[in-house]
Amino acid sequence: MHRVLSGIQPTGIPTLGNYLGAIRNWVALQDSHECLYCVVDLHAITSFQDPAQLRAMSLEMVATLLACGIDPEKSVLFAQSAVSAHARLAWIFNCVARLGWLNRMTQFKDKAGKDREAASAGLYVYPNLMAADIHTYHATRVPVGDDQRQHLELANDIAEKFNHDYGVDFFPRIEPLILPEAARVMSLRDGSRKMSKSDPSDQSRINLTDDAETIALKVRRAKTDPEKLPSETEGLAGRSEARNLVDIYAALAGIDAASVLRAHGGRGFGPFKEALAEVLVTRLAPIARETRRLVADEGYLLGVLRQGAARANALAEPIVKEAERLVGFLS
Ligand code: TYM
């Protein structure tokens, strides 16, 4: 059985992009795989986080993941910082990965922006820590959105170089699991940008905790173009905002874009947006309700994390100890 690992940064309220691109797949995989899911607080501090806020966001993230259907009995749900093996393996990987590889990472370029000198060193080696998250457990399947593809290729390069340098066959190859529909949910304000929990504009995204009224308003205000919806998918070419809304509808309704257009094509965006808001509210309202209930029960959330960390540590320790032995460490 393949072991699955994935992570999410507690740097904001999870969005519809996180849900459709990753979390719903995390939930689906629980029944057929051994799954580990972590709230990646080490990654979060690669850009400064207010400590009280980080703690609150981490707990809220756990609550949201549970509300989405992650079952802490089936899956190992934990905070990355509670399993020190990640950081130990990440250091080894810092020494395996080449600067040239990191220089090609497009997410670093995007996140560091123009003033690269001012970015933290942690942001630069961020992908090495991601590789460590996965290889710490010998996980081989990684459910993510499309934006993580390049990082996962790097994780394979690092594993291959480690195996080669130390003359072993220790770290397995990993495969991304990227859902074909909604692999990249775009901003509601700009169809060329990814929907992101850290976008300054709240209007650009649907948060998993938004109430029905907020969802309806954001969808109504979502950027579109003056044309009607096409009746066939070819008609979406060059119309990124229209395509995004159709893809979101399709992913939520569990149908393909062609079926959405068969039902809604030829009409203006007004009625389509109303239908989309309805699907969104039906799907997200129970998640928001359950998140609110769970956030109020901090003791329960901390208990879930404690149990998850114990299980994760038990799996991680022998693997990372062996990596350290292979490298030549005495302990
Ligand atoms: P993060 O926190 O940015 O996002 C969590 C997951 O949600 C997916 N995602 C999206 N999918 C589709 N459309 C979008 N607009 C969208 N926005 C986000 C992401 O692809 C991701 O799967 N580096 C990772 C966290 C991480 C990780 C790992 C993932 C740390 N260690 C190990 C996998 C394995 C990140 O920042 O995700």
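These questions and answers go through the domains, a helix pair and several residues of a predicted model.

Trainee: How far apart are the centres of domain 1 and domain 2?
Mentor: The domain assignment gives domain 1 as 3-183 + 297-327 and domain 2 as 209-293. The contact takes 13 residues from domain 1 and 11 residues from domain 2. Taken over C-alpha atoms, the centres of domain 1 and domain 2 are separated by 30 Å.

Trainee: Is α1 parallel or oblique to α11?
Mentor: Helix α1 covers residues 16-29 and helix α11 covers residues 240-253, and their axes lie 11 Å apart at an angle of about 45 degrees. Angles under 35 degrees would count as roughly parallel, and 65 to 115 as roughly perpendicular. The angle therefore makes α1, relative to α11, oblique.

Trainee: Does α1 pass α11 in a left-handed or a right-handed crossing, and what residues meet there?
Mentor: On the α1 side, Leu16, Leu20 and Arg24 take part, and they meet Ile248, Ala251 and Leu252 in α11. By class, this contact of α1 with α11 has five nonpolar, no polar and one charged residues. The crossing of α1 past α11 is left-handed.

Trainee: Is Leu65 buried or exposed?
Mentor: Leu65 sits in helix α3, residues 51-68. Not counting residues up to four places away in sequence, Leu65 touches Ile8, Ile23, Trp26, Val39, Ile70 and Leu77. Buried means under 20% relative accessible area. Leu65 has a relative accessibility of 0%, so this residue counts as buried.

Trainee: How far apart in space are Leu65 and Ile287?
Mentor: Leu65 belongs to α3. Along the sequence, Leu65 and Ile287 are 222 residues apart, and in space their C-alpha to C-alpha separation is 9.1 Å.

Trainee: Is Val168 buried, partly exposed or exposed?
Mentor: Val168 is placed in the loop between α9 (149-165) and β5 (175-177). Leaving aside neighbours within four places in sequence, Val168 is in contact with Phe162, Asn163 and Leu326. Its relative accessibility is 24%, so Val168 counts as partly exposed.

Trainee: What is phi of His138, and where does His138 lie?
Mentor: The phi value of His138 is positive, in a residue other than glycine, and is near 50 degrees. At 24% relative accessibility, His138 counts as partly exposed. The location of His138 is the loop between α8 (126-135) and β4 (141-143).

Trainee: Which loop holds Ala182, and is Ala182 buried or exposed?
Mentor: Ala182 is found in the loop between β5 and α10 (212-221). Phi of Ala182 is also positive, near 65 degrees, and Ala182 is a residue other than glycine. With a relative accessibility of 8%, under the 20% limit, Ala182 counts as buried.

Trainee: How many residues of α8 are buried?
Mentor: The buried residues of α8 include Tyr126, Pro127, Asn128 and Leu129. Met130, Ala131, Ala132, Asp133, Ile134 and His135 are buried in α8 as well. Helix α8 is largely enclosed by the rest of the structure, because the number of its residues that are buried is 10 of the 10.

Definitions and conventions. Residues numbered from 1 in each chain as written. Predicted model: local features only at pLDDT ≥ 70, side-chain atom pairs only at ≥ 80, totals over all residues. Heavy atoms only, no water. Helix = DSSP H or I, 4+ residues; strand = E, 2+ residues; numbered from the N terminus. Buried < 20%, exposed > 50% of the residue type's maximum accessible area, 1.4 Å probe, protein only. Contact = heavy atoms within 4.5 Å. Axes fitted to C-alpha atoms, helices over the stretch in contact; angles between N-to-C directions. Parallel < 35°, antiparallel > 145°, perpendicular 65-115°, else oblique. Left-handed = near helix turned anticlockwise from the far one by under 90°. Nonpolar A, V, L, I, M, F, W, Y, C, P; charged D, E, K, R; others polar. Domains from an automatic or database assignment.
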